[in-house]
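These are my notebook entries from a reading of one model, set down in the order in which I looked things up.

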Amino acid sequence: MKKRLTRISLIFFLVAAFPPGALAGGMFGPPQTLSAAAGGLNTAIGYLYHEDTYKNHPRHKMRHNIIYSQAAWGKSGMWEIYGRLAAADMKMSDAFRSCLPAAMNIGSEFHDYWKFFGTLGAKGFYPVNRFFGGGIFMQASYNPGKYTDETPVLYNGSFFVADLEIKNLWDINLGAGLQATLPGGIRAYAGPFVYLARADARMSHNIPGLPLGTEKTFLKNKSPGGGYFGADIPLIRGFRLNIEGQYTSRFSAGAAISYVY
Amino acid sequence: MKHSLCLVAIFAWLALFCAPASGAVSGDGKTAYAANTAAEPAMAQMPDPTDESAYDDDDDYDYDDEPFGEERVTISDPLEPVNRIAHVFNDRMYFWVLKPAAVVYKAVAPEPVRISVKNLHSHLGYPARFLSCLLQTDFTGAAEETGRFVINTLWGIGGLMDPAAGKNINLEKQDTDLGETLGVYGVGHGFYIVWPVFGPSSPRDSASFIDEYLLYPPFYIRPWYASTALTALEYVNSASLRIGEYESLVGAAIDPYVAMRNAYVQYRMKSVQARQARSLLFKEETAGPPEVKEAEDEN
């Protein structure tokens, strides 16, 4: 017992030493790890539709479609470290909406296409008995890409083209979960998590009325935490399907198919 | 592009000398040798002119004893003097360049890394194997190859791992090429060639250069030295996983050149035979012993 707790603590210490990774890095998965008891690899591909509210002075709803490929290594069904290579697009509502009647813009939504980013994570699991257990995880992501979009603005009879650049997106998540093993090997799980998510934003022209000015501002998550729940379902030939929902200030959902070597 | 055209021109020229199986004969009885095959029946029926016993005791044939018995085939080796020079060159290349590089590489790169490199190389060979399966009318093989490619791309970290070959999924790699495809359609070996650097081959099997280069995506990486470096890495990586095999073969042989030639041609003939058994067009012909067919015909 003491040894197991020491191992879990060590994993968290190691993960905490990593630099913070990227924005919404994907699903958290079941607390219990998938790798073989003797140690081994498992891989996964996944998709997550992610929504969250970011705040600066006004609030913006940010949406991502995230696809990722994951490789994980763990041992004894107790602990696991994993890395992900992912790509995400970005939409942000009201990024270009003016609050002054003198500034009129065409279209208010910011949109840019897929950028690659990376995620690192670790999890530890402690089985209470054959059916129940609990675990903790840490996951961090960093997106080095620059998301850019522009909008034409008519202000006092003059046209401007305003470019908005959002970059340095990162997040770090820390959570715990309880798991129940159902008939058929289905693992149902749920738990709370806390997170930090940040991004830098900068507008090319200082247009009165637009919330994101030329000064570098940063966006941060509105809610400090949320909850997640999901199920991990065995398929055929070593494949497993994981479906998961996450709720912070908005609802996100995704699915992943993993393969255990 | 120029390289590609030159290669194609060379293959076309070589193909002129690559007789179909029905017309393949040994050029010289002394340099010809035997190998097992049922894939090239016409060659198999040619008696060895130096073997007098081939022309008598016709009544003593007993097909019942060995319905799948070994048949004798021949391959000509008119370029033997040149081939031997190329063989010595390749031998020196192996011992002086490739093996030392492979030993150092093996010491630096752990085995899982080297296996991953091998897996990636194999993964990128999918277009060639897929095309060969289609041309051989082995549609099951083409589907398996595609399944392997998808699974290994998605769950094999882009091809670095090979989960498709695991016991759960068990999709076998279709280890075939355009040389075997020509063999499936009855094209004979032609004659034996030893290419400098590339090793044993024949005019027919030289078509495999198309697999290895024109249908291999890294061949198109620019600048040219990047793709050359990748090819060199593949050679060294492959050698590092098989150090000792070549030494065993040539060490046990009285004449390493002949041993290499026998091993190569037998391996290729068996491969062609196996591919014919999977082909929709040809598997009926190789499905069973002759007497079974005769019995079916009588009925």
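**Entry: helices H5 and H6 of chain B.** I began with helix H5 (residues 126-135) of chain B and helix H6 (residues 139-155) of chain B, in what is a predicted model, and found that their axes come within 8 Å and cross at roughly 160 degrees. Since an angle over 145 degrees counts as roughly antiparallel, I put H5(B) and H6(B) down as roughly antiparallel to each other. The crossing in which H5(B) passes H6(B) is left-handed.

Which residues of H5(B) and H6(B) meet? On the H5(B) side I listed Tyr126(B), Arg129(B), Phe130(B), Cys133(B) and Leu134(B), and on the H6(B) side Gly141(B), Ala142(B), Glu145(B), Thr146(B) and Phe149(B). Sorted by class, the residues of this contact are 6 nonpolar, 2 polar and 2 charged.

I then looked at the loop between H5 and H6 of chain B, where Thr137(B) lies. Thr137(B) is not a glycine, yet it has a positive phi of about 55 degrees. I noted Thr137(B) as partly exposed, because 17 other C-beta atoms lie within 10 Å, and a residue needs 20 or more to be called buried.

**Entry: helices H4 and H9 of chain B.** The next pair I examined was helix H4 (residues 111-124) and helix H9 (residues 224-240) of chain B, whose axes come within 10 Å and cross at roughly 125 degrees. H4(B) and H9(B) are therefore oblique to each other, and their crossing is left-handed. H4(B) contributes Arg114(B), Val117(B), Lys118(B) and His121(B) to the contact, while H9(B) contributes Glu234(B), Asn237(B), Ser238(B) and Ser240(B). The classes here are 1 nonpolar, 4 polar and 3 charged.

In the loop between helix H8 (208-214) and H9 of chain B I came to Pro223(B). The peptide bond that joins Arg222(B) and Pro223(B) is cis, with omega at about 5 degrees.

**Entry: the loop between the two strands of chain B.** Val197(B) is another residue with a positive phi, about 75 degrees, although it is not a glycine. I located Val197(B) in the loop between strand E1 (193-195) and strand E2 (199-201) of chain B. Is Val197(B) buried or exposed? It is exposed, because 10 other C-beta atoms lie within 10 Å, and 12 or fewer is the cut-off for that label.

**Entry: chain B as a whole.** Chain B has 12 helices and 2 strands, and in order from the N terminus its elements run α-α-α-α-α-α-α-β-β-α-α-α-α-α. Of the 299 residues in chain B, 32% are buried. When I took the contacts in chain B with a separation of 6 or more, 73% of them were between residues 24 or more positions apart.

**Entry: chain A as a whole.** Buried residues account for 42% of the 261 residues in chain A. Of the contacts in chain A between residues at least 6 apart in sequence, 65% join residues at least 24 apart.

Entry: I looked up Ala122(A), which is placed in strand E5 (residues 110-127) of chain A, and it is buried, with 25 other C-beta atoms within 10 Å. Ala122(A) and Ile81(A) are 41 residues apart in sequence, but their C-alpha atoms are 4.2 Å apart in space.

Gly145(A) belongs to the loop between strand E6 (132-143) and strand E7 (147-155) of chain A, and with 20 C-beta neighbours inside 10 Å it counts as buried. Beyond its neighbours within four places in sequence, Gly145(A) is in contact with Lys115(A), Phe116(A) and Phe117(A). For Gly145(A) and Phe116(A), the C-alpha to C-alpha distance is 6.8 Å across a sequence separation of 29 residues.

**Entry: confidence in chain A, and where the chains touch.** Chain A averages a pLDDT of 82, and 82% of the residues score at least 70. Over residues 8-22 of chain A, however, pLDDT stays under 50, although the model has 32 contacts beyond four places in sequence for them. Where pLDDT is low, the predicted coordinates should not be read in detail.

Last, I checked the two chains against each other and found 8 residues of chain B in contact with 7 residues of chain A. The side of chain B that touches chain A has 5 nonpolar, 3 polar and no charged residues.

Definitions and conventions: Residues numbered from 1 in each chain as written. Chains lettered and ligands numbered in written order. Predicted model: local features only at pLDDT ≥ 70, side-chain atom pairs only at ≥ 80, totals over all residues. Axes fitted to C-alpha atoms, helices over the stretch in contact; angles between N-to-C directions. Helix = DSSP H or I, 4+ residues; strand = E, 2+ residues; numbered from the N terminus. Parallel < 35°, antiparallel > 145°, perpendicular 65-115°, else oblique. Left-handed = near helix turned anticlockwise from the far one by under 90°. Nonpolar A, V, L, I, M, F, W, Y, C, P; charged D, E, K, R; others polar. pLDDT = per-residue confidence, 0-100.
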